[in-house]
Amino acid sequence: MLAWTIYLSFAGALAEALLPKGKAALARWLALAVAVAGLVLAVIAFATGFGRGLNVIVDVPWVPSMGVQYMLAADGISRVLVLLTGLAAVAGVLFSWNIDHRTNEFFAFFLALIGGVFGVFLSFDFFLLFVFYEIAIVPKYFLIAIWGSTRREYGAMKLAIYSFVGSAMVLIGLLAAYTMSGSHSTGLIQLAHAHYPVSFQMWCFPLVFIGFAILAGMWPFHTWAPTGHVAAPTAASMMLAGVVMKLGAYGCLRVAMYLFPKGLDPWGFSFLGIGSWRDVFAILALIAIVYGALVALVQSDFKFVIGYSSVSHMGFVLLGLMTLNQIGMTGAVMQMFSHGILAGLLFAIVGRIVYERTHTRQLADLEGMHLSKTLPFGAWAFVIAGMAAMGLPGFSGFVSELQVVVGAWQTDPWWTIAVGVGIVIAIAYTWRAMQRAFFSDKSPSMHELAGEHGHKLAPITWPEVTGFTLLAGASLVVGLYPKILLGAIEPAIRTMIAGGIR
Amino acid sequence: MNYADLFRATLPETALEIAALVVIVIDLTVLRKAALRARAAVAALLGVAGCVAGLWMLQLQGTAGFSYGGALVLSGGGSAAVAEAAILVLTGLTLLLLVDSTFTRHVGEYVAVVLMAAAGGLLISAAQDLIVIFIGLELLSLGLYILTAFAKTSGKSAEAAIKYYLFGGMSAAFLLFGFSYLYGLTGSTNLHDIMQATLWTNIAQSAMPLLYVAVVMITAGLGFKVAAAPFHLWAPDTYEGAPAPGAAFVASVSKVASFALLIAISTAALHIFDNTAAAAQTAAHGCAAAAPQYLGFGSPWFTILAIFAVVSMVLGNLAALVQSSVRRLIAYSAIAHAGYILIGLAYFSYAPRSTEALLYYVVTYGLTTVGAFAVVDVVEAATGSDRMDAFLGLHKRNPMLAAVLLVLFLSLAGIPPLVGFWAKFNLFAAVLEVSAGVVPFTLVAIAIAMSAVSLYYYLQVLKRAYVMPSIEESPLRIRPATLIVLVAVALAVLLLGCFPALLGGWINGFFPAI
């Protein structure tokens, strides 16, 4: 049944592309219907699959001559991330309700992107996973380049090139893994049992890991993320931060670490205290956490603050993966879900609720607008989302960051110190952005006063309220009762660790 | 000599030649006074009928081939049959593009030249003998020179044709020179006899330098035909100057035929292992893989192809980055694609695995290029230019044309689920299955990295079609015959990409099961 999330999204994309021009309302409702249907399917599959292990949905030969299987399956991790995608898709459609320019094309690209993302999370064949992974690249380019804002063509091209370079590395790894395995199959499970020599895993693991991690925003390959997010239209930056960056992290876990677990073993020598690829990537993740937070602290563009905070939060995911223990890796998957929801929410507030009304994202300009009075809903929404993102107990961010920190402590207490610094800076940049954007008492300049009397801010619309409620509610539910996700993630991680990741 | 066998082996060629004559006769007699469009339609349809008849004949002729004096002259079945079928289909598609073109009044002659050139293509796809190879190549090349020059009122067309002709003549001379050395060394014109005679046990050590000279000359001559760098200089000018249907023919049919010839020579070079005695000799003096320099013809041949591959991939992709004319961009991308294909030839397997992957790539690439030139043709007819800026706002002027362009260019860039991706993956997997050493792996890595580069220039065109604002927004009309070609090619690219086993299984059916 989960496979229908993919087919529905692509069918929806095709229908949107064929819609006659000028029927914007129809295009919106169609997109919403498709997204809601995907979410409903994801929820049902999550509920029915709870506590169960790997569930094979489809497994038919696709290209028999090369042993490529069309194999869709879902374990706990997949079901959680499919649920995330469903939520983000519905919220993305709701927050793009005001798109008037080439509406049907916008939703066609949007749904094609969603379909590709669903496909990646459900693929259990390396080749198939790669196909869906690449399908997700092209719509991103057009979404940003056509409907974006600041330096959109630059941001879109940069994102496309980074993604394509990353996927080229993955493709080299795929070809190498396929030819080296000798099993004449590209199924992930078959490849995982191929017993690759350690020397092969030692170079293939970093190749594939970095290839995927580029899309997960790993420092120093993160630079596409802030520019891409800022250039993107609201729904696209929600999808980029919320789901697409998760594709990268998911690939790191599902492909790189699952197929080449020995790539994480010690090299046998150490240089400056770095003795394995695991140390290398953990340090890069720590740098991302601290560096992303520090850079977010000094941004003057509201959206760049959120963009760099994404880099910082994705550092938690990669660090959690590198702990290689049960709690840390569970935390990493939790953080994928949590950051997917919260980054989407923050981008929606900045891009849709604030920017579409004030037409500026510069914190200096927003200071004079007294948004807490003129736009109370926006202010409250950002307070809630900001608190959740900085890890306030009761929201999903707390659970996931706590698990990652505990996992890091078990592995190397020094890591925890860096993480702690990152968390403190996260509070600082959220606070600073919140204060300057909404609660500043700076008196407006003459120029701004003159403009303010001319027009009032547009009222909040129902799609915005609905979208906010959906995302914030999801974060709250997971924060209050984390077992709802942990029950699905923990067994899947346990199986993976038992399968060879040490 | 059995003339009945010869006739049977050349049935498709005969069908094309008869169709060519019929087209000229009808165009010059019955239709002398008719309107140009009607003449073009009739000529093109007769040409297509000739291609269909050729396909039917291909079916009839079987897989026996044609031998003379115990030596194979024309092969049947296998790679030859696949390439011939592809040539006939692609020729039919390029002929359909003529219906809507206005570059010439001499439509009958145009179709006849196309059909005769295609017959040359069929001949070299099956040829196993130096003389037949040379005759087929010249038949094809002379046709191509004429097609390039066919737009008589265009200065660019004339310039491109004279460049193409001079380069082509020179490369033919190189080829003939190499062939003469080979004949002198071995006393035979048959590929298999030559390979047997140049085996290290059979050739005098003092003659090896001559063999190397011959191989270098031959690769230079054939490298020209497939537009491999550094023999690519004619390609951008020809692609830019030739009338669009002619350019499509040069870019697709001529490519398929030339690569089929390269496949035939490579296969022959490896089939020395057919002979158990030769294989035993090789085994006794150390295994072939450990000492490839003893393989005579094959060793320099495959090495030079690998060098061509790297140079073509890098130069083609990097030069394409700075083009502002879409036709030149397609030309440089063709050089890059030739590079990818040459990797598959440089690491060639005795089993049909490599051949099948190569044919898959070449056939689907030819198909995609025909579609790309059809799009360029429509845009050119409306705007009078093939500059990138002529594609501005294409999605508003004709959404379908823009969608076809999107599908074709993304396929060329190798984005799944389009056929270009599968073709690349299949080819590179075949290379690594032949040898997973450091060198082939590096070549494949370069190819994949370079196709990441290629996405940039394909996106430059798509960006103009979809993203950038345009001044001109009047609708752009596509005429029916071109529409048929566009839709057929785009659907094929999409369907074959989603179900790669369809074409793969069809190609596989031509090879005996092992």
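At what angle do helix α18 and helix α19 of chain A pack, and how far apart are their axes? The model is predicted: local features need pLDDT of at least 70, side-chain atom pairs count only at pLDDT 80 or more, and totals for chains, interfaces and linings use all residues. Residues are numbered from 1 along each chain as its sequence is written, with chains lettered from A and ligands numbered from 1 in the order in which they are written.

**View 1. Packing of α18(A) with α19(A).** Helices α18 (residues 396–411) and α19 (residues 413–438) of chain A pack at about 150°, their axes 6 Å apart (helices are DSSP runs of H or I, at least four residues, numbered from the N terminus; axes are lines fitted to C-alpha atoms over the stretch in contact, and angles run from 0 to 180 degrees between N-to-C directions). The pair is therefore roughly antiparallel (angles over 145 degrees).

**View 2. Residues joining α18(A) and α19(A).** Glu401(A), Val405(A), Ala408(A), Trp409(A) and Thr411(A) of α18(A) meet Pro413(A), Trp415(A), Thr416(A), Val419(A) and Ile423(A) of α19(A) (contact: C-beta atoms, placed from the backbone, within 7 Å).

**View 3. Arg479(B) in its loop.** Arg479(B) lies between α19 (438–466) and α20 (480–498) of chain B. Arg479(B) counts as partly exposed because it has 13 C-beta neighbours inside 10 Å (buried is 20 or more, exposed 12 or fewer, partly exposed in between). Val378(B) is 101 residues from Arg479(B) in sequence, with 8.6 Å between their C-alpha atoms.

**View 4. Contact of chain B with chain A.** Chain B contributes 24 residues and chain A 25 residues. On the chain B side, α18 (419–434), α19 and α21 (501–508) each give two or more residues; α19(B) gives the most, with 10 residues.

Conventions:
Parallel < 35°, antiparallel > 145°, perpendicular 65-115°, else oblique. Contact = placed C-beta atoms within 7 Å.
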